[in-house]
Amino acid sequence: MGGESATQRKPISAYPVRAPKPVGQYIANIYKDRISQFYAKGQWENNNLNAMMFEGVASGEPHVELSVWDAPGQDRPTFDEAVKHEFRKTEVGAWFGPAWSTHWFKVILTVPKDLRDKRLLELHWDANNEGMVWTHDGKPLQGLTGGGERTEWILPDSFRDGKEHTIYIEMACNGMFGAAKGGDIIQPPAPNKHFRLDKAEIVAVNPDARQLYIDIWIIGDAAREFPSESWEQHQALKTCNEIIEAFELGNKDSLKKCREIAQQYLGPDVDSARVYDTKKGKQPLVFGIGHCHIDSCWLWPWDETKRKVARSWSNQCDLMDRYPELNFACSQAQQYKWCKQLYPHVWERVKRKVSEGRFHPIGGSWVEHDTNMPSGESLVRQFLYGQRFFESNFGKRSQTFWLPDTFGYSSQLPQLCRLSGMTRFLTQKLSWNNINKFPHTTFNWVALDGTQVICHMPPSETYTAEAHFSDVKRSMSQHKSLDQDHTSLLVFGKGDGGGGPTWQHLEKLRRCRGISDTVGLLPRVSLGGSVDDFFDSLERKADSLVTWFGELYFELHRGTYTTQANNKKFNRKAEFVLRDIEQLATIASLKEKDYKYPKKEIDEMWEATLLCQFHDCLPGSSIEMCYDDSDKLYAQIFKTGAKLLKDACKALSVFEVETTSMERGITLNTLPWYREELVEISKGEFGLAKGVGPLLKLQQYEIRQEEDGVKLHKQSNGVFVLENKRLKVRVEAGTITSLYDKYDRREIIPEGQRANQFVLFDDKPLYWQAWDVEVYHLDTRKELQSSETQVHEEKSHRVSVITKTKISDESHISTIISLSAAVNELQSYVEVQSTVEWHETMKFLKVEFPVDIRNTEASYETAFGIVRRPTHYNTSWDMAKFEVCCHKFADLSEHGYGVSILNDSKYGFATTGSLMRLSLLRSSKAPDAHADMGSHTIRWAIFPHTGSLGAMTVRKAYEFNNPLKLLESPHDFAALDEQEPPVWFTDNSNPSLILDTIKRAEDDEDVSVEEDESPLKKKKGQSVILRIYDSLGGRARGTIETRWPVKRVSKVNLLEDEVEEVTGFDVAEGRFEVDLRPFEVASYRLELA
């Protein structure tokens, strides 16, 4: 048991007895910094990987022969126009400009003998601006970005024959982000900016060196970004340093050795799409989709966008041929239409890729539009025109509403999406919130009526991901909905100014996937699928997703409700013009056989209006050139609208006049309820228009007693009382110091306070001038003092006073406050019209209305509904809404009484406590140095009302924006059919129901403008589309009657597909019942016999 000799086992390795040398740990920060030195430019580039990147370069004649033709002014000539001109000699180092000019280069390439057998030949062209490569016979091939990005074009193998080969390059004298001076892209363009042609050479690229560059870039990112306590991070650092040690300058074999080392970390398949083959038990979590966000205008005009589309989409078609895993999604039907019209070769390439299932039209809307300010019907038309274009040209509609860059999302969008065939929604803009962090990544978004869509906000928090290691990593680390679903979408590619994915993006993602499969820790990314594939998987989990009810309010860019006032005014006007024309043209087309419904012209008007609602145009965040363009578009809209209105009126045997007489006068009314209003028919003369229907006969209005009219009384110098049967208004120095409701015996203005008080604020946001107004601007409030008020008008039906208000030495306001007679004791309002001469810098003009009303919420009209928002600052979420969007009215009501502020062209508002405040004008200087400078005429009204917010406010707001128009007829009024409306709600219907749209059906054979081969087939017969909605948020029942000979009624969606037949339709009476959910939008097709 003891004393035995133990048997000594021999060592299993040659582990030395003595340490041969000291071995230390990596000094992590030093070894990490060493990695970027391996491929950096600067002092090391002649001795690191860059020195072996190229195997040869040929520049200058005879290899690269350059000549140029300079297009005049800001013309953007076509290829055929350009090549007719004489080209002059030019060279590398020459400067071209000014900004927005175009220069066409003829480039004659001859590949030298010593480069012809190299593996990869490229033309490297860098003029620090955008360009397009064209074939010698006029086919656009690929876009160029400049400034070191996307500067290469792969030479075809046919160029390796030693002969001369001609291409053309179209140079646009603007960068990807316009032509701002210096490094701040949002500054106004520099008109005299010039661009230097820095590079035009044939380059033989060493593919091994280029691939090694991507290898070490991504492994280096792993070394920098993986947790320092993980073995994966230490292995990445070790691998990078082994690569650096194995590299030998000038030894091409060492590049292969370096790549072998890299593949120990990346895996063996990173040079091909095989890397995305899913291994058993290794399901992807991050789904990559290529994308190219092209702002239809922003820091460049629309005409430049048209070229950006061709450049960007050509790039993607080219990349798809080289990278089979690339799937690419792009939105905006308008841009597809531009491509189809202007670039037929690019269009055919795109169509081929769409048919292959690689290029995905997405979004379902005409443009990526603003959603805060457009009317409900405008949002409908965005979807109608967008989806019809996609279906007509590609044979299918979009399932996903794609709006990554818009500044907040209206509460009715989920309902409108579902009614347009879309069940999914993608955005990410709320990641920019600067007060509260939005709490979800994937969720069910619920509209005011209860309709939902699945919403996904990519956790990488960008729609222009550079496909970095960190983008993939953030797709998990910033995911806020992991309890419900752990997958995400990675939207990658150059964007805003176009471009889309690059070869570098695709190579980096291959390596990210390789790391996930070989080492782990990084979320597994996958390419090759579509956005619809991603959402398909989410829909299967929809029941488990959290919900978000109501608007997605964006806590940034609140100034966009106000900037570029004229543009917003034109938008409101265009919406009402189109509403009137469609209704009257519908009536005329069903009455007169010789009248043809002007579908083509209406489409052109709508498409122009929808384009101007793009999310950098309508919000006011574009350069001045864009508003020059939109002004021209609106001018054409109104010119066409005036002609169409005249034609429709002619078919109805009436014509528009400026003045008329009581005997001949008629008024045009397109609103679907009883109206009773005083109308001025000539200077000093007025009549009463009352009734329901398109044509209302003027009647004599007799003021039998003094209190039936309206009177003006001067109390003292500059102090006046305006009084009708309902209201008594005291005006002093342009402000309203008392507003007394005589019926309710209630004073509306708190004692000692002043309504209609102009206030001025300093307006200096943190960065985004045209976009932002920050909460601290409220601390700079300054009341503007006015001169004495004077009498402006004193008539039996209306009285007015006028006041001048000085803003500064350069700016002033002239304000008219009016009160009209209260017809038949109807509730009336105080109307205000201000003409502002505005020449300020970084100031914000508003007008305030303190009211003796208390409620913790105020109500604001939005598209097809009402949004209620806090009037307090209890939480940071409440305070973040210090400036909000409204449409035609905002309202503050308590039980039994309230006050509405109506407007004709404004969208910015705030209600704080009992103070209501309408935003009027801003004066930002970037990106438009002259934004809002000049004269503005603005109308608003103070409308006190008995009871809480109700149908009266909704109707008054419509009427305020759509006043009656004077008409005459060569015929006796009794002979006109349109005394009675052709379709209406019966008197027992809920007054919250709004008949908002009357139009002809898109595919009626006598209306349709679709080509015969279109998938959108024409339908026999005539039909009318009605669109109604509940405006107040309650169950709304009603009865629709019509005088038209209707044989069948069906409920349809927004795309006019039948949903169900209305079974209760009474053919004999022309009547059917409707029953709407709170805030439901419903459309009906009336098929005529």
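Strand E36 (residues 798-806) and strand E37 (residues 812-820) run antiparallel and are joined by 9 bridges. The model is predicted: local features require pLDDT of at least 70, side-chain atom pairs count only at pLDDT 80 or more, and totals for chains, interfaces and linings use all residues. Residues are numbered from 1 along each chain as its sequence is written, and side-chain values use heavy atoms, with hydrogens and water left out. Helices (H or I, at least four residues) and strands (E, at least two) are DSSP runs numbered from the N terminus. Two strands are said to pair if DSSP finds at least two bridges between them.

**The sheet of 9 strands**

- An open sheet of 9 strands with antiparallel pairing has the order E35-E36-E37-E38-E47-E44-E43-E40-E41.
- Its edge strands are strand E35 (790-794) and E41, each of which pairs on one side only.
- From one strand to the next, the twist averages 20°.

**The sheet of 6 strands**

- A further open sheet consists of 6 strands in the order E3-E2-E5-E10-E7-E8, with antiparallel pairing.
- Strand E3 (88-89) and strand E8 (140-144) are the edge strands, and each pairs on one side only.
- Strand E7 (residues 130-135) and strand E10 (residues 165-172) run antiparallel and are joined by 6 bridges.
- Met-132 stands opposite Glu-170 in E10.

- Helix H6 (residues 302-322) has 21 residues and should span 30 Å at 1.5 Å a residue; its end C-alpha atoms are 31 Å apart, which agrees. The expected span is 1.5 Å times one less than the number of residues.
- H6 is mostly covered, as 16 of its 21 residues are buried. Buried means under 20% relative accessible area, exposed means over 50%, and partly exposed lies in between (1.4 Å probe, protein chains only).
- H6 lies across strand E5 (102-109), E7, E8 and E10, and runs at about 105° to E8. Axes are lines fitted to C-alpha atoms, for helices over the stretch in contact, and angles run from 0 to 180 degrees between N-to-C directions.
- Ser-312 is located in helix H6, and it counts as buried because its relative accessibility is 3%.
- Apart from neighbours within four places in sequence, Ser-312 is in contact (heavy atoms within 4.5 Å) with Cys-292, Ile-294, Gly-498 and Gly-499.
- The side chain of Ser-312 reaches the backbone nitrogen of Gly-499 at 2.7 Å.

**Ile-185 in a loop**

- Ile-185 is found in the loop between E10 and strand E11 (195-196).
- With a relative accessible area of 30%, Ile-185 is partly exposed.
- Not counting residues up to four places away in sequence, Ile-185 touches Phe-177, Ala-180, Trp-298 and Leu-299.
- Ile-185 and Pro-112 are 73 residues apart in sequence, and their C-alpha atoms are 40 Å apart in space.

**Strand E48 and its partners**

- Strand E23 (residues 655-656) pairs with strand E48 (residues 965-968) in the antiparallel sense over 2 bridges, and Phe-655 has Glu-968 as its bridge partner in E48.
- Strand E24 (residues 666-668) also pairs with E48 in the antiparallel sense, over 3 bridges, and Thr-667 stands opposite Leu-966 in E48.

- Most residues other than glycine have a negative phi, and most peptide bonds are trans.
- Glu-61 and Pro-62 are joined by a cis peptide bond with omega of about 10°; Pro-62 is in the loop between strand E1 (54-59) and strand E2 (64-70).
- The peptide bond from Ala-926 to Pro-927 is cis, with omega near 5°; Pro-927 lies in the loop between strand E46 (915-922) and strand E47 (934-946).
- Glu-461 is not a glycine, yet it has a positive phi of about 60°; Glu-461 lies in the loop between strand E19 (452-456) and helix H11 (469-477).
- Phe-864, not a glycine, has a positive phi of about 55°. Phe-864 is in the loop between strand E40 (857-862) and strand E41 (865-870), and at 4% relative accessibility it counts as buried.

**An annotated region**

- The unreviewed UniProt entry places the feature "domain: Glycoside hydrolase family 38 central" at residues 555-634. UniProt positions are given in the numbering used here, feature names are shortened, and annotations may be inferred rather than shown by experiment.
- Over residues 555-634 the chain is 65% helix and 0% strand, with its end C-alpha atoms 30 Å apart.

Methods
A polar contact is a pair of N or O atoms within 3.5 Å; within protein, one must be able to donate a hydrogen and the other to accept it, and residues adjacent in sequence count only if both atoms are side-chain atoms.
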